[in-house]
Amino acid sequence: MSTVIDIKNLSKSFGSHEVLKDINFSVEKGEVVTVIGSSGSGKSTLLRCLNLLETPDGGEVNYEGQNVLTHMEDVNEYRTKLGMVFQQFNLFNNCNVLQNCTLGQIKVLKRSKQQAEEIAKEYLDIVGMGRYINARPAQLSGGQKQRVAIARALSMKPTALLFDEPTSALDPEMVGEVLKVMKKLAEAGSTMIIVTHEMEFAREVSDRIVFMDQGVIVEDGTPDEVFNHPKHERTKAFLQRTF
Ligand code: ADP
Ligand code: MG
């Protein structure tokens with residue numbers, strides 16, 4: 001196995017509030033890791049530290065064996081390696097679906113427009129949005145917007161995909177279509193780090209579950225270990241509240 005991301009002793013504070021405390025965490029190629037935990041436990045901050053949307057205060061973020069905190073040449077290029085999907089989609093509302101999926105490829109990866117469009121269409125087909133290339137985000141449902149956002153992330157051909165509560169802003173009837181796409185990607189061998197409250201989905205698709213509480217990784221194991229045989233009281237209490 002090869003390690004994609006390996007975080008060592010990571011810490012992050014906002015003012016006097018220590019949001020991440022001595023986090024150690026790694027992800028292998030092809031692994032699907034789901035991070036669970038209460039609101040405010042530091043899950044988003046952890047994802048954001050991975051792709052340097054936040055700057056950690058201490059520790060290491062090793063990407064393919066190099067600490068990006070000390071060996072960073074081009075942060076925009078680095079971010080393309082970790083495709084991010086957000087709760088609020090973050091689509092460019094003044095661009096159509098195809099442009100949403102080609103802009104980053106053209107601007108950051110310097111692909112030609114033609115090549116970028118070919119790649120974008122391939123991934124829009126995979127997420128079931130190939131018929132909507134000319135639509136504007138405002139014309140789409142939440143589930144469709146999120147599928148476009150996933151196609152946009154995939155179009156950069158990232159090494160890993162990071163999902164921060166991708167279904168939390170959706171109407172309940174649209175959650176399934178997004179989870180289905182994510183499941184398909186997981187089964188195709190994508191490396192994925194997912195923050196979600198969808199516990200059944202997490203159990204089904206994840207190789208590992210990481211439980212965070214108050215800035216600490218309390219438990220890290222297989223879905224069976226964490227869901228069925230949690231070792232820590234804090235995990236048990238969280239699961240009892242959740243299920
Ligand atoms: P989660 O995603 O698990 O809900 P977050 O990582 O968003 O948790 O937040 C963890 C804690 O850090 C929360 O208490 C939140 O209020 C705080 N926090 C997050 N981002 C900022 C910020 N930019 N400035 C100040 N506090 C922040
Ligand atoms: Mg969050």
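Residues are numbered from 1 along each chain as its sequence is written, and chains are lettered from A and ligands numbered from 1 in the order in which they are written. Because the model is predicted, local features need pLDDT of at least 70 and side-chain atom pairs count only at pLDDT 80 or more, while totals for chains, interfaces and linings use all residues, and side-chain values use heavy atoms, with hydrogens and water left out.

**Exercise 1.** Describe helix α5 by its span and its burial, and state what backbone angle follows it.

Solution. Begin with the naming: helices (H or I, at least four residues) and strands (E, at least two) are DSSP runs, numbered from the N terminus. Helix α5 covers residues 142-155, which makes 14 residues. The expected span of a helix is 1.5 Å times one less than its number of residues, and α5 reaches 20 Å from its first C-alpha to its last, close to the 20 Å expected. For burial, take the cut-offs (buried means under 20% relative accessible area, exposed over 50%, partly exposed in between, with a 1.4 Å probe and protein chains only). By this rule 13 of the 14 residues of α5 are buried, and the helix is mostly covered. Just after α5, K157 takes a positive phi of about 50 degrees.

**Exercise 2.** Work out how α5 packs against helix α4 (residues 113-126), and list the residues that make the contact.

Solution. Two packed helices are described by the angle between their axes and the distance between the axes. Axes are lines fitted to C-alpha atoms, for helices over the stretch in contact, and angles run from 0 to 180 degrees between N-to-C directions. The axes of α4 and α5 come within 9 Å and cross at roughly 135 degrees. Angles under 35 degrees count as roughly parallel, over 145 as roughly antiparallel, 65 to 115 as roughly perpendicular and the rest as oblique, and α4 and α5 are therefore oblique to each other. Their crossing is right-handed (left-handed if the near helix is turned anticlockwise from the far one by less than a right angle, right-handed if clockwise). The contact, meaning heavy atoms within 4.5 Å, joins I119, A120, Y123 and L124 of α4 to V148, A151, L154 and S155 of α5. Sorted by class, this contact of α4 with α5 has 7 nonpolar, 1 polar and no charged residues, where Ala, Val, Leu, Ile, Met, Phe, Trp, Tyr, Cys and Pro count as nonpolar, Asp, Glu, Lys and Arg as charged, and the others, Gly among them, as polar.

**Exercise 3.** Is the pair α5 and α6 roughly parallel or roughly antiparallel?

Solution. First take the geometry: the axes of α5 and α6 come within 8 Å and cross at roughly 20 degrees. The two helices are therefore roughly parallel to each other, and their crossing is right-handed. On the α5 side the contact is made by G142, G143, Q144, Q146, R147, I150 and L154, and on the α6 side by M174, E177, V178, V181, M182 and L185. These residues divide into 7 nonpolar, 4 polar and 2 charged.
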